Each structure stands twice: as C-alpha cells, then as structure tokens.
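Please read the briefing below beside the sequence and the model.

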Amino acid sequence: MKQTLQVPILSTPQQRHPGHRPGTSILSVRNLTVGYESGRALDNISFELVTGERMAVVGPNGAGKSTLFKAIAGLLKPDTGKVSVFGEDPGGHFCISYLPQHNHVDWNFPVTVRDVVMMGRTRKIGFLRRASGNDHAIVSNAIETVGLSDFAMRQISQLSGGQQQRMFIARALAQEADLMLMDEPVTGLDTPSQTELFAVLDALRLQQVTVMIALHDLKLAASSFDRVMLLKRRLIGIGKPDEVFTRENLNQAYGDRIQVEVNGSEIPFIDETCCGEEEHEHA
Amino acid sequence: MLDGLLAPLQYAFMVRGMLAAVIVGVVCAVLGTYVVLRGMAFFGDALAHAVLPGVAIGYLVGGGARGPVFWFAMATALLSAFGIGAVSRSAKLKQDTSIGIIFAGMFALGVALISMVRNYTADLTHFLFGDVLGVSSHDLVLTVVFGVLILLIIFAFYKEFMLISFDPTLASTLRLPIRRLEYLLISLIAMSIVVSLQTVGVTLMVAMLITPAAAASLLTRKLSRMMIIAAAIAVFSGITGLYLSYYLNIASGAAIVLTCTILFVFVWALTTIARRRASDGTRVNL
C-alpha cells in the first residue's frame, strides 16, 4: 500500500474553537494528586503544554501515565489540584480526545471505519439530528489525513494494528480535538506501521494539534518528540529529551532495571533491558 | 397452496394474531441487536421472567381484564429493570449476580401469587407461554402504540446508542449522558417485553430479542443492516410460526420461536460453510 499523506483540513485551533486564543498554553496541570484505594497514583504533578507541541510521557509500568491521561480527559476526578484546558475545567471541553491503551472495543461490532470516525462527531451533530454534509466532509477529510480512504467502508476487524490506531486518530480529528492523549499507541506495532503513525502525527502538527503520547520506547521518545516527561508517580523531569534523560533521572525512574549508556556528549543512549513482556499493564 | 395460506385469515383472531406477531417481531428484533451486541441476553431473559408478579397482580386487580395486566406488567418491568441496576451498583455485586437474584425472586413471587388463586391458573399460563391468537383489538392498539414509540426512540437515538454500546470511553470524553441513555435503553427493553408478553409469553421472550438479531449478526457487518435483516427474520418467523400453529395444532408462541431457531441454525450452518470454503482464499463479505 503506497499512500502519500495529505493534509486537507488546514484549520487552526482558533478556527476549530473560536474561544481558543493562540499563544496560550492549551493545558495547565497544577498540583495534581490522584489516589486509588491502593495508594497514590499521582503525586503533586504540575506542568503546562503549549499549543501544537508533541510531548512523550515515559516511565515504568504503574508510573501513573494512564491515570494522568484519564485525569486530563476528565474521566477521573483528582483528589487535589486542578486540570484546566484553555483555562477551563476539562469537563466543559470536547476538544480533548483520549485513546486508551487497550481499546476495549469489540472489533466484531458491526461498524465500518467511517462509522467509527463519524462517532467522533456525535456531540457536534447533537441529539435527534443526523450528520450533515459538513459532518460527512470532515469525516472524509479525517480518514484521508490518516491514509485510510481505501478502508473507509471496511468492517473494523479487517484492519491491522497500525490501521486501528490511525482510525482512532481520524476519529479524534473528526472530533476536532485540539489535544490528543494517546496511551501507548506504538505498543505492538511493527516498524512500518510506526513510521506511518508518525507521518500522521507530523500532519497533525501542521494543524497545531497538541499531542501527548505515553511510550515505553525511550529512544523513540528522545528522537521524535519536542519535549519529554519522565514520570514515576511524581514528575521526575520535563523538558528537552537530553535534559530529562540523564543518568540520575533515569535511575530514579527505573532503578537498575535499565542500563544507561552515555555516548560521549550525545543524547544518552538507552538500552532497555526491562520491558517487552510486561508492557501489557492492566489499568 | 394459496388457499392454504388464505384459509386461516378468514378468522379475525388469526389476522389480529398475525399483526401482533409481525409488530412484536420487528420491535424485538431491532431492539435485540443492542441486546446481542451489548451482551444483555441474560438481562432480557431475567426481565421477562421478573414481569410475572406484575401480570398476576394485574390479573387479580382487573378480575381477568387485559388492560390492568398490561399496565401492572409495565410497572413491574420498569421497576425490575431499574432495581437490577441499583442493586448491582450499590452492593458492588457482579451484574449477572444481581440480575439472578432479582429475576428468581420476582419469578417466585409471581408463581406464589398465581398459586394462591388456582382458578385463574389456566389463563395465566397464557402469559407464561403466550397466546397470540387471544389478542384483542385493544391489545393490538397498545402493541402498535408502544411498538411505534419504541422504534421511534431507537431511531432518534440511533447514533448515541451505537456509541455507548461500542465505545463508552469516547462517550464519556464527549460528555454524553451515558447513565441516562443506558436507562432509556433498558426501559425500551422492558417495554418491548411487556408488549410481547401475549405473543410468546415470559419464558420464550428472550428468543424474540436475541435469535433474529444473532442470525442477522452472522450475515452483515453493518448495524443498520443488521436491524433490517433481524426484523425480516422475525417477521418471517412470526407469520410462518402462526401457519404452523394453525395447521399442526401446536402452541403459537413455541411455533414462532422454533421457526426462528431453525432459521438461526440454517444461517449459522450456511455462514460456517462459507467461511470454511473461503478460509484458504479470499474473504467473504456478506
């Protein structure tokens, strides 16, 4: 399958959501603490995201990556602290899209790729209404952006893992999301599928969509993201990859489960010895 | 042949029965697609059984009249439906456990009430196994009104029901009122059960909800088409069942459900063979 990725909708966040002013931080998290019955999942996290940036969130299993995403998406109530999206509570916003780590969707559900992408517009269409020509155009554009036009009418079980991820990104585009939270989208993808996924993410950048991705692959985080966040219940570091991935920080996050090799003055070369088999954490 | 098909229709009760079977078939089949896709077969079965005490009380209150039976059954169905949800949430029990508790308890209550009034027993068995040929004009009006109402609501909330069934996470990020939509869906199931009581009775009710939808799910990969195919299977089963009932002199509810089941087995066998044949080559897209 040879497809060139096009970006048909060149809209900016202000065009999608007139209330969203440029230059402001899209997401602001202040002193966020979330606890489960088993203890604290997130401890006093504060950070901001700038419109259009691409941030990787890394940390060992149980570091609270999924919890952080759910709290930002408004699916979890924080114990203390505040999450605001464009200055408002996340509850008031549909411009966040959250792609869970294990999509518990039934892949045999009788829906096509197009149906699933259209679901992103459910709220925009509104109750008791049907999709308009505009909705259909937005859905077609979204599917084209992720390179799935040839698969639009396929039932969703006929997609590969990478195509499934791209379908959900198309749905987020159809939702006109300004902030996409993706929980380990590359886990289980082969290299070509990863490349395609990142091509789509580059297309999103042109539309100034802010993306936050949880990852296990530190090399990928270092090479393909503007900023990285190192998390282990508390925020160990946030910033440019070479500032965050220091031997000290990585030891704090992973202990001796990881070998850190510093290649001269280059970005630390990280050799993962831990993960792989335990990547399927149960949230 | 044509005479054989027309002969039963000279009786008004047969015509009313057939209309009722067709309407009930369509309503249950369309709603049943959600029951099948959401894995609510046990819930549907339980809810049908849980209606029995309502039927019994309605029967006692109305002295055998059908009107009170309908409304008492409706109240009981809605009450049980919400009761199951409330118990499983507040007691932190698994949902099938709370369904089982309420279902068996309500059914026992129904049997107890019926056993207190022996002389009514014969009539009440109609509600256990259905009596589509005893449908009155008044029953038919209620069936049509509620049937159309249920179909209209399914049509109106089509995309929302599809979304909460397929991906609750997206539904909650989009701030859809998931809880209320689920209660609406459950209420529709409760209503459809009451509407169908007379056709197949409480014990066979679940077949009307799941069998046509399950057969349809084997034939298509599109929700709207699944609803249409399920409805067609149900209509065919309703009509064929009643003819079988007329000519072979078997219980009408059982005849309808049996026809449905045979159709399902037929579709299942056909699609299994088709898949086996296609397994080493191209994929079949039915």
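In chain A, the axes of helix α5 (residues 133–145) and helix α6 (residues 161–174) come within 8 Å and cross at roughly 140°; axes here are lines fitted to C-alpha atoms, for helices over the stretch in contact, and angles run from 0 to 180 degrees between N-to-C directions. This is a predicted model, in which local features need pLDDT of at least 70, side-chain atom pairs count only at pLDDT 80 or more, and totals for chains, interfaces and linings use all residues. Residues are numbered from 1 along each chain as its sequence is written, while chains are lettered from A and ligands numbered from 1 in the order in which they are written.

**Chain A: the helix pair and its setting**

- Chain A has 10 helices and 11 strands, where helices (H or I, at least four residues) and strands (E, at least two) are DSSP runs, numbered from the N terminus.
- On the α5(A) side of the helix pair, Ile138(A), Val139(A), Ala142(A), Ile143(A) and Thr145(A) meet Ala170(A), Leu173(A) and Ala174(A) of α6(A), a contact being two residues whose C-beta atoms, placed from the backbone, lie within 7 Å.
- The residues of this contact of α5(A) with α6(A) divide into 7 nonpolar, 1 polar and no charged; Ala, Val, Leu, Ile, Met, Phe, Trp, Tyr, Cys and Pro count as nonpolar, Asp, Glu, Lys and Arg as charged, and the others, Gly among them, as polar.
- Of the 283 residues of chain A, 44% count as buried; a residue is buried if 20 or more other C-beta atoms lie within 10 Å of its own, exposed if 12 or fewer, and partly exposed in between, with C-beta atoms placed from the backbone.
- Ser193(A), in helix α7 (residues 191–206) of chain A, counts as partly exposed because it has 19 C-beta neighbours inside 10 Å.
- Not counting residues up to four places away in sequence, Ser193(A) touches Ser160(A), Gly161(A) and Gly162(A).

**The contact between the chains**

- Chain B contributes 20 residues to the contact and chain A contributes 18 residues.
- On the side of chain B that touches chain A, α9 (158–166), α10 (168–173) and α12 (223–248) each supply at least two residues.
- The residues on that side of chain B divide into 9 nonpolar, 5 polar and 6 charged.

- Buried positions in α8(B) are Asp139(B), Leu142(B), Thr143(B), Phe146(B), Gly147(B), Ile150(B) and Ile154(B).
- Seen down the axis of α8(B), the buried residues fall within an arc of 125°, so they line one face of the helix; the arc is that of the directions from the helix axis to the C-beta atoms.
- The face of α8(B) turned away from the buried side carries exposed residues, including His138(B), Val141(B) and Phe155(B).
- The buried residues of α8(B) pack against α2 (12–37), α5 (66–90), α9 and α11 (178–219) of chain B.
- Helix α3 (residues 41–50) of chain B is largely enclosed by the rest of the structure, because 8 of its 10 residues are buried.
- What covers the buried residues of α3(B) includes α2, α4 (52–62), α5, α6 (95–116) and α11 of chain B.

**Chain B: Ala214**

- Ala214(B) is found in helix α11 of chain B and counts as buried because it has 22 C-beta neighbours inside 10 Å.
- Not counting residues up to four places away in sequence, Ala214(B) touches Val36(B) and Phe264(B).
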